[in-house]
Amino acid sequence: MPFKYAGRLEMLPRYLFAELDRIKSEQIATGRDIIDLGVGDPDLPTSGEVVEALQSAAQDPSNHIYPSYSGMDRFREVAADWFHKRFGVRLDYKKQVLSLIGSKEGIAHFPLAFINPGDIVLYTEPGYPIYFASTIFAGGTPYALPLTRENNFMPRLDSIPEHILAKAKLLFINYPNNPTSATADRAFFEKVIAFAKAHNIIIAHDAAYSEIYFGEKTHSILEYPGAMDVAIEFHSLSKTFSMTGWRIGFACGNDDLIAGLGTIKTNIDSGVFQAVQWAGIKALTLGDTLTGPLRTIYSRRVRMVTSALSAAGLEPYNGNATFYIWTRLPGTMDSTSFTMKLIQEAGIVVSPGVGFGKAGEGFFRISVTTREDQIAQACERIAKVVARS
Ligand SMILES: *Cc1c(COP(=O)(O)O)cnc(C)c1O
């Protein structure tokens, strides 16, 4: 190809998951029986009621036009109502809620609104790769805050050097956390808010897994005093309602942060198809009626895997949330070698920790978005590989 990628693409790490996909396809092509515990994409279908809401809305020509940039009033109002019911926080839906084409879209565009070249963006690692990539696309400098088991996978804000803090403008956090499953409590969110105020830093909280909890309900940062001055929170209907393919979510929080993201989006996209917003309205209105049964299923699957891994002599971390299990590797292998070994010797795909950033090395992630009989099979096969390593 005579055309060279722009420098910003050269700055991204190799996308390990694409490579894993390739190896997985090769194995399947040779007739291998592969069980995929790698991707975090629910196997459970979207609710029939939500599908019907889409169908009837799609038949109405008034939904065929360009949607409004910020989202239909009705969608934003229902999102605000859901938020109030769930977290006890009232949002002004006209100024504090913005529809997104999936939360990934919002997270990816957010730094473009607030980051200049030279600004530092703090983000937690291991983590969703988009915090790093979106910072690079905005010309900012990413600075990783490692999440360690010793700190219960919470960043140590007091260990950030002064010269970094002086240039830091944005902090990405994500609880319940992908890939570690850790959840944040009131004390942590209060510390983050105080930190943001002291150093004039924006907080972007990725709450994509807020509804996948098995113990106490998880929290929104916006529940705590002062958060509305400094924070934007990203919500997704994807994991919550088994709607990953539909592409709908919303951002909420501080008026100016929402307006900034809205301005970027107005210049890039033209909103979410209204029929999909009507489906989103249906999902949010049904709320716990849909998410309750999903939680029961994921909780049972997570318990299956954690007890099997423990029996195999490993120490899976249990944050009591998300559909992921984050586990330290056996022996002295690195996460890529272990992952390759599992595919080749057992036909099992997991995610190598290093795929979530350098700080993820030494761990692997299992996703329980697969049928239970397959999960049980996979656990047996993993135990055999672990016993040999
Ligand atoms: C899946 C995921 C998202 C994105 O979900 P959307 O489908 O774009 O709403 C965002 N953050 C994390 C941590 C995720 O795992």
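Two strands count as paired when DSSP finds at least two bridges between them; strands (E, at least two residues) and helices (H or I, at least four) are DSSP runs, numbered from the N terminus. This is a predicted model, so local features need pLDDT of at least 70 and side-chain atom pairs 80 or more, while totals for chains, interfaces and linings use all residues. Numbering starts at 1 along each chain as its sequence is written, and side-chain values use heavy atoms, with hydrogens and water left out.

Start with Pro-316: its bridge partner in β10 is Thr-327. β10 (residues 324–328) runs antiparallel to β9, and 2 bridges join them. Now show the whole open sheet, 4 strands in the order β9-β10-β13-β12, with antiparallel pairing. β9 (316–317) and β12 (351–352) each have a single partner strand, so one side of each has no neighbour in the sheet.

Next, select Leu-122, Leu-171 and Ile-221, the residues with the most contacts inside the largest nonpolar core, which has 68 residues. Such a core is a set of buried Ala, Val, Leu, Ile, Met, Phe, Trp, Tyr and Cys residues joined through side-chain atoms within 4.5 Å, where buried means under 20% relative accessible area with a 1.4 Å probe, protein chains only. Helix α4 (residues 73–87) gives the most to this core, 7 residues.

Finish at the ligand. A polar side-chain atom of Asp-206 sits 2.6 Å from a ligand nitrogen atom, and one of Ser-238 lies 2.6 Å from a ligand oxygen atom.

Notes
Buried means under 20% relative accessible area, exposed over 50%, partly exposed in between (1.4 Å probe, protein chains only). A polar contact is a pair of N or O atoms within 3.5 Å; within protein, one must be able to donate a hydrogen and the other to accept it, and residues adjacent in sequence count only if both atoms are side-chain atoms.
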